[in-house]
Amino acid sequence: MGTVAEQFIGVLRQAGVERIYGVVGDSLNPVVDAIRRIDGIEWVHVRNEEAGAFAAAAEAQVTGRLAVCAGSCGPGNTHLIQGLYDAHRSGAPVLALASHIPSAQIGTEFFQETHPERLFVECSHFCEMIGTAEQMPRVLRIAVQTAISRGGVSVVVLPGDVAQQTAVHDTGHHDLLTRRGTLVPPAVQVAELAAALNRAEKVMLFCGAGVRHAREEVMRLAARTLAPVGHALRGKEWIQYDNPYDVGMSGLLGYGACYEAMHEADLVVLVGTDFPYDNFLPGGNTVQIDHDPARLGRRTPLALAVHGDAGETIRAVLPGVAQKTNRRYLDRMLAKHLKTLETVVEAYTHDIEHHVPIHPEYVADLVDELAADDAVFTVDTGMCNVWAARYLSPNGRRRIIGSFLHGSMANALPHAIGAQFAAPGRQVVSISGDGGLGMLLGELLTVRLHDLPVKIVVFDNSSLGMVKLEMLVDGMPDFGTDHAPVDYAAIAAAMGIGALRVESPSDVREALATAFATSGPYLLDVVTDPDVLSMPPHITRRQVKGFALAASKIVLTGGVGRMIDMARANLRNIPRP
């Protein structure tokens with residue numbers, strides 16, 4: 001019958017799991033040995049369990065299937081927590097194995113003792129300990145099903161001695177849910193939504209990641225109501241491309257006319273978004289559509305809460321929505337959007353080919369132009385989020401993954417590791433800040449060990465740029481944000497990774513082309529201007545005053561890459577009455 005550890009791996013194989021990310025050691029050894037002896041699953045050695053959890057989160061987001069990470073007792077599994085928070089808040093189905101000290105020693109303050117069944121509760125839907133062989137395989141299957149069905153993290157705590165016990169129950173076979181149903185809203189809510197849309201003269205749609213499978217429905221509703229369509233950062237990859245109603249993004253990283261369109265609308269419809277920044281929302285005349293009722297109204301007061309999947313809800317309401325004919329609001333917002341983009345483009349294009357240090361916007365624009373049409377981009381938190389939001393052009397095939405809800409530093413490289421394992425035939429580009437890369441620098445060794453063809457583009461400004469901006473906006477002189485330059489290309493080369501350091505803007509294009517054409521891993525260390533920061537599309541007088549007090553010499557830019565071409569086309573192509 002085998003051991004509990006073997007049964008554990010057998011259940012994971014039935015769930016389609018192909019790999020586990022982690023660091024081997026003590027209480028985890030029985031499970032790692034079971035992996036060695038069972039076909040179809042591999043152990044992916046990372047340098048820090050935190051990176052393993054990030055990698056699992058990215059794999060789950062790329063594939064839509066369960067991904068697994070593991071940590072040995074004590075410090076091994078506490079290292080997991082950062083990546084698990086990221087996975088859980090991103091809704092990525094991840095199972096974490098937190099192995100434990102010998103069961104007889106629990107509660108004695110034994111060496112490396114923690115209480116993982118308590119520790120991981122806040123970043124998981126399910127967190128339980130398997131204390132006897134009799135609990136298997138049932139408890140593990142509950143954990144797997146919870147992660148898949150609810151979208152998020154399940155944690156199973158397993159003492160090393162229990163993992164070595166002989167299994168009591170047959171593993172058998174079990175059909176795990178892998179395809180979720182869709183939720184149709186109540187008829188009364190559909191009727192109320194149709195009435196609200198018909199009453200409003202100016203409708204605006206604001207979309208999040210929940211529109212992933214509802215793009216066409218959103219476009220049909222926008223056409224019916226002549227509504228500008230804005231998006232949150234997580235909605236960008238699903239709704240921005242080929243969107244004739246696009247007015248950009250709101251929030252701290254926003255651009256374009258999204259904020260203005262939202263605040264001028266008679267009715268704002270939040271579609272599949274849990275946008276957290278309530279100060280950017282109008283605070284009234286708002287409808288929210290979401291499949292999770294707990295999210296309805298928790299960011300802003302609602303005129304109407306609609307409980308349903310985005311696509312199902314829009315399909316249900318469209319027959320009751322009259323075609324609007326007055327285009328003035330839509331066309332005015334599209335014109336405002338284009339004007340805003342043209343203004344910020346001018347700010348960064350001036351003398352760009354000669355500016356040293358290199359403008360980071362220029363690098364981001366070229367990354368967008370030269371990367372593959374189906375590339376997976378992983379993006380560090382901080383200013384890299386800004387450049388990704390404003391320059392990476394989605395097309396329905398590209399993916400953009402980041403720690404957009406948890407906001408952890410150092411996520412891009414380990415996310416790229418998981419994405420590359422999940423999609424070995426696709427180009428994976430890690431857009432890393434030097435601060436984030438330095439924090440989990442050892443994961444370059446993981447890339448080299450497994451010979452992953454990840455392309456790592458380092459925006460190297462020797463500064464924590466987003467923290468600097470936060471200080472300046474609050475009226476504080478930036479302090480503790482700058483550090484001595486580091487040649488990350490030399491470090492990568494010493495590890496056996498192809499690498500190049502770029503300091504002249506005239507070399508960026510050729511260097512990126514070389515990196516992307518290389519068959520194996522490659523790191524491009526681009527020395528960028530630390531004084532190029534970005535302001536959100538709407539700031540308060542207090543923030544302006546604070547910034548003016550703190551900044552003595554600073555460049556504020558906000559470029560938008562190829563989005564300006566789409567904005568121009570939208571004004572040309574939308575028919576006039």
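Which residue's side chain meets that of Glu503 in a salt bridge? In this predicted model, the partner is Arg501, with N and O 3.3 Å apart. Glu503 is partly exposed, at a relative accessible area of 48%. Arg501 is also partly exposed, at 26%. Elsewhere, salt bridges with shared partners link Glu6, Asp33, Arg36 and Arg37 into one network.

The chain as a whole comes next. Its secondary structure comprises 24 helices and 21 strands. Of its 577 residues, 57% are buried. Contacts between residues at least 6 apart in sequence were also sorted by separation. Of these, 75% join residues at least 24 apart.

Across the whole structure, the search returns 22 salt bridges. One of them pairs Arg19 with Glu59, with 3.3 Å between the closest N and O atoms. Arg19 belongs to strand 1 (residues 19-22) and Glu59 to helix 3 (residues 49-63), so this pair ties together parts that lie 40 residues apart in sequence. The cut-off for a buried residue is a relative accessible area under 20%. Arg19 has a relative accessibility of 7% and therefore counts as buried. Glu59, at 5%, is buried as well.

A further salt bridge joins Arg215 to Glu216. Here the closest N and O atoms are 3.9 Å apart. The two partners fall into separate burial classes. Arg215 has 10% relative accessibility and counts as buried, whereas Glu216 has 52% and counts as exposed.

Helix 10 (residues 215-225) packs against helix 13 (residues 310-317). The axes of helix 10 and helix 13 come within 9 Å. They cross at roughly 35 degrees, and the crossing is left-handed. On the helix 10 side, the contact involves Glu217, Val218 and Leu221. On the helix 13 side, Gly311, Ile314 and Arg315 take part. By class, the contact of helix 10 with helix 13 comprises three nonpolar residues, one polar residue and two charged residues.

Strand 4 (residues 94-100) is mostly covered, with seven of its seven residues buried. In a regular strand, side chains alternate between the two faces of the sheet. Both faces of strand 4 are covered. On one side stand Val94, Ala96, Ala98 and His100, and these are buried.

Strand 4 pairs with strand 3 and with strand 6. Strand 3 (residues 67-71) runs parallel to strand 4 and is joined to it by five bridges. In this pairing, Ala67 stands opposite Val94 of strand 4. Strand 6 (residues 153-159) is likewise parallel to strand 4, over seven bridges. There, Leu158 of strand 6 is the bridge partner of Ser99.

Strand 13 runs parallel to strand 12 (residues 286-290), and four bridges join the two. Within this pair, Gln288 stands opposite Ala305 of strand 13.

One loop residue was also examined. Gly172 lies in the loop between helix 8 (160-163) and helix 9 (187-199). Gly172 is partly exposed, with a relative accessible area of 38%. With neighbours within four places in sequence left aside, Gly172 is in contact with Gln14 and Arg141. Gln14 and Gly172 are 158 residues apart along the chain. Their C-alpha atoms are separated by 9.8 Å.

How values were computed:
Residues are numbered from 1 along each chain as its sequence is written. This is a predicted model: local features need pLDDT of at least 70, side-chain atom pairs count only at pLDDT 80 or more; totals for chains, interfaces and linings use all residues. Side-chain values use heavy atoms; hydrogens and water are left out. Buried means under 20% relative accessible area, exposed over 50%, partly exposed in between (1.4 Å probe, protein chains only). Two strands pair if DSSP finds at least two bridges between them. Axes are lines fitted to C-alpha atoms, for helices over the stretch in contact, and angles run from 0 to 180 degrees between N-to-C directions. A crossing is left-handed if the near helix is turned anticlockwise from the far one by less than a right angle, and right-handed if clockwise. Contact means heavy atoms within 4.5 Å. Ala, Val, Leu, Ile, Met, Phe, Trp, Tyr, Cys and Pro count as nonpolar, Asp, Glu, Lys and Arg as charged, and the others, Gly among them, as polar. A salt bridge is a side-chain nitrogen of Lys or Arg within 4 Å of a carboxyl oxygen of Asp or Glu.
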